[in-house]
Amino acid sequence: MLKTALRITALLALAIGTTAATHAASAAEAPAEALPATTTTPAITTTPGATTTPAATTTAGIKGWARMYFPAPGNDVQVSVDAHGTYTSMSPVFPTRAWGTFRISHRIDQPAGRPPLTYWADFKVDCLTTGGPTATVTGTVVRASDNPRDPWQDMLKDHVRMGVSFYVAGKDGGPSRIGLSGEAGRTLSKCMAPAADAPVIKGGYRLKDKGPLH
């Protein structure tokens, strides 16, 4: 459900304690810096004297920016991503290496003509899985905004993992969609995210599914 998938953005709105009164505007984005890649390579064992045949490899990736539907006026939630993964014939479902970043940004209009507040966090990718028009990305918080009553700061201290799911619609495939895990009790495992249920209302993503492994 949308309420469950968007509980992180609901947490942000609750932390601010305001009631949005006007339509959402574009979120102000802080400059993103390049982050080091995350590498997870499985151990390979061989029998003495045996000939090792290199495993077939393939890559996948998703890149782009979009504004997602949020069921309250005055809230502007955006997700940008640049994530990649390498797969082998020995590990065709989960990547042997994943790298990249994603950002979640939430701007909330303030009453009485006060400037809006924007909360954001950057995540270092630790998993990307793909299948057809869908992708799941997870990562841990490595950088965040620091505003009054900013909920991202506690998550930054604990390097909380979050997951984002994407449905990238093709021609006549309806709107693309995004799903957010929330902080999930701070125990979310790699490669996990809810269904992508929130429609994209502006922007979009380019998805490269992993190729054949034979």
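Guide: Let's start with a charge over a ring: the charged end of K210 sits over the ring of Y87, 5.0 Å from its centre. That label requires NZ of Lys or CZ of Arg within 6 Å of the ring centre and within 35 degrees of the ring normal. R103 likewise lies over the face of W120, at 4.2 Å from the ring centre.

Before going on, some ground rules. This is a predicted model, in which local features need pLDDT of at least 70 and side-chain atom pairs count only at pLDDT 80 or more, while totals for chains, interfaces and linings use all residues. Residues are numbered from 1 along each chain as its sequence is written, and side-chain values use heavy atoms, leaving out hydrogens and water.

Nine of its 12 residues are buried, so β4 is largely enclosed by the rest of the structure; buried means under 20% relative accessible area, with a 1.4 Å probe and protein chains only. Strand β3 (residues 75–88) pairs with β4 in the antiparallel sense over 12 bridges, where pairing takes at least two DSSP bridges. Here H106 in β4 stands opposite V77. Strand β5 (residues 117–131) also pairs with β4 in the antiparallel sense, over eight bridges. In β5, D122 is the bridge partner of R103, the residue whose charge lies over W120.

Rings of Phe, Tyr and Trp (its six-membered ring) pair if their centres lie within 6.5 Å; planes under 30 degrees apart count as stacked, over 60 as edge-to-face and the rest as tilted. By this rule there are three aromatic pairs. The ring centres of F102 and F123 are 4.5 Å apart with their planes at 5°, so this pair is stacked. F102 belongs to β4 and F123 to β5, so the pair ties together parts 21 residues apart in sequence. F123 also forms an edge-to-face pair with W152, at 5.9 Å centre to centre and 80° between the planes. Since W152 is in helix α3 (residues 152–157) and F123 in β5, that pair ties together parts 29 residues apart in sequence. Both F102 and F123 are buried, and W152 is buried too. Together, F102, F123 and W152 form one aromatic cluster.

How values were computed. Buried < 20%, exposed > 50% of the residue type's maximum accessible area, 1.4 Å probe, protein only. Helix = DSSP H or I, 4+ residues; strand = E, 2+ residues; numbered from the N terminus.
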